[in-house]
Amino acid sequence: MNMGQPSMNTLKVTLPESADSQALPQGNIKMSARDVKVFYGASEALHGINMDIYENEVVAFIGPSGCGKSTFLRCLNRMNDTIDSARVTGKVTLDDQDIYDPSLDVVQLRAQVGMVFQKPNPFPKSIFENIAYGPRLHGLVDNKTDLEEIVESSLRRAGLWNEVKDRLDAPGTGLSGGQQQRLCIARAIAVSPEVILMDEPCSALDPIATTIIEELIDELKGSYTIAIVTHNMQQAARVSDRTAFFHLGNLVELSATREIFTNPQDTRTEDYITGRFG
Ligand SMILES: Nc1ncnc2c1ncn2[C@@H]1O[C@H](COP(=O)(O)OP(=O)(O)OP(=O)(O)O)[C@@H](O)[C@H]1O
């Protein structure tokens, strides 16, 4: 039951002016989840999540620690398959195709639905090789010139080209944390994904690197659909079109980011965004 509308000054979050003009996504559903449950051994961590994610939107997942945000994000490209104790039930589709269909090529799926992790994780290889690996693996290039073009365009899209163009042979691990995270975003972009999943991509970064990544997210949504887990409500307010609030393994509320932060429909959402718990 809603205990009434919170007044703006009780909220922890300041909405950017652009939030007023943030158009709600319309059109095609890119990914959809129906009654998705995740079990770790006998313990049920997600209790039947239903969600539609629209093409070219940024949707943020927020909620207290342990509520299941990352677990749900990992359902969207079957990363939970890599956790031995995890079992997923329900249905997840990408462009109406069931991504848990046993005949589906998971490597291909993870190219279509790329992922950027909390801690930047470049391969222990050169900057060039970090980007070139995926397109080679997926047979996206026929020759060296095409490969060089993909490497350059991916680094440009990730806003890193000018900083690294003279040292493409240097190790990716030698870059700053923020640069490494943009390298990981470029690596995801290089295999032409449709969706990019980001699991707290800025939590290991300083405020300047965080701003750069947030600006990048804004640019990338023109071409990709983005789902981002964040602990930082201010960040959700800055980057997302819609926000999903999770609590104890349930999706409590999902609506336009401005709505969630100014007019939450559920008291649990209100309590969280006003800082009463979490
Ligand atoms: N590999 C795992 N094995 C067993 N239990 C897990 C595993 N990963 C997550 N869990 C449990 O599943 C529940 C949801 O965890 P999850 O990491 O998805 O939450 P979260 O909202 O992303 O949390 P945080 O904000 O702290 O990252 C928690 O109870 C957690 O302990």
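**Exercise 1. Work out whether Lys-144 is buried or exposed, and say where it sits.**

Step 1: count neighbours. Lys-144 has 9 other C-beta atoms within 10 Å, so it's exposed. The cut-offs are these: buried takes 20 or more other C-beta atoms within 10 Å of a residue's own, exposed takes 12 or fewer, and partly exposed is in between, with C-beta atoms placed from the backbone.

Step 2: The model is predicted, so local features need pLDDT of at least 70 and side-chain atom pairs count only at pLDDT 80 or more, while totals for chains, interfaces and linings use all residues. Numbering runs from 1 along each chain as its sequence is written.

Step 3: Lys-144 is found in helix α5; helices (H or I, at least four residues) and strands (E, at least two) are DSSP runs, numbered from the N terminus.

Step 4: Lys-144 and Gly-48 lie 96 residues apart in sequence and 47 Å apart in space, C-alpha to C-alpha.

**Exercise 2. Find which residues of α5 are buried, and explain why they line one face of the helix.**

Step 1: check the length. α5 covers residues 144-157, 14 residues in total, and its first-to-last C-alpha reach of 20 Å is close to the 20 Å expected. That expected span is 1.5 Å times one less than the number of residues.

Step 2: list the buried set. Ile-150, Val-151, Ser-154 and Leu-155 are the buried ones in α5. Look down the axis of α5 and those buried residues fall within an arc of 120°, so they line one face. The arc is taken over the directions from the helix axis to the C-beta atoms.

Step 3: The buried residues of α5 pack against α4 (127-137), α6 (161-164) and α7 (177-189). Just after α5, Gly-159 has a positive phi of about 70°.

**Exercise 3. Describe how α4 and α5 pack: what are the angle and the axis distance?**

Step 1: For two packed helices, you quote the angle between their axes and the distance between the axes.

Step 2: α4 and α5 pack at about 115°, with axes 9 Å apart. Axes are lines fitted to C-alpha atoms, for helices over the stretch in contact, and angles run from 0 to 180 degrees between N-to-C directions.

Step 3: name the residues. Phe-128, Ile-131, Ala-132 and Pro-135 of α4 meet Leu-147, Ile-150, Val-151, Ser-154 and Leu-155 of α5 (contact means C-beta atoms, placed from the backbone, within 7 Å). The residues of this contact split into eight nonpolar, one polar and no charged. Here Ala, Val, Leu, Ile, Met, Phe, Trp, Tyr, Cys and Pro count as nonpolar, Asp, Glu, Lys and Arg as charged, and the others, Gly among them, as polar.

Step 4: look at α4 itself. Its buried residues include Ile-127, Asn-130 and Gly-134. The buried residues of α4 pack against α3 (106-112), α5, α6 and α7. Gly-139 follows α4, with a positive phi near 60°.

**Exercise 4. Which residues of α8 are buried?**

Step 1: list them. They're Ile-213, Ile-217 and Leu-220. Down the axis of α8, the buried residues fall within an arc of 70°, so they line one face.

Step 2: check the face turned away. It carries the exposed residues Pro-207, Ile-208 and Glu-219.

Step 3: find the cover. Among the elements over the buried residues of α8 are β3 (58-62), α7 and β7 (195-199).

Notes:
Contact = placed C-beta atoms within 7 Å.
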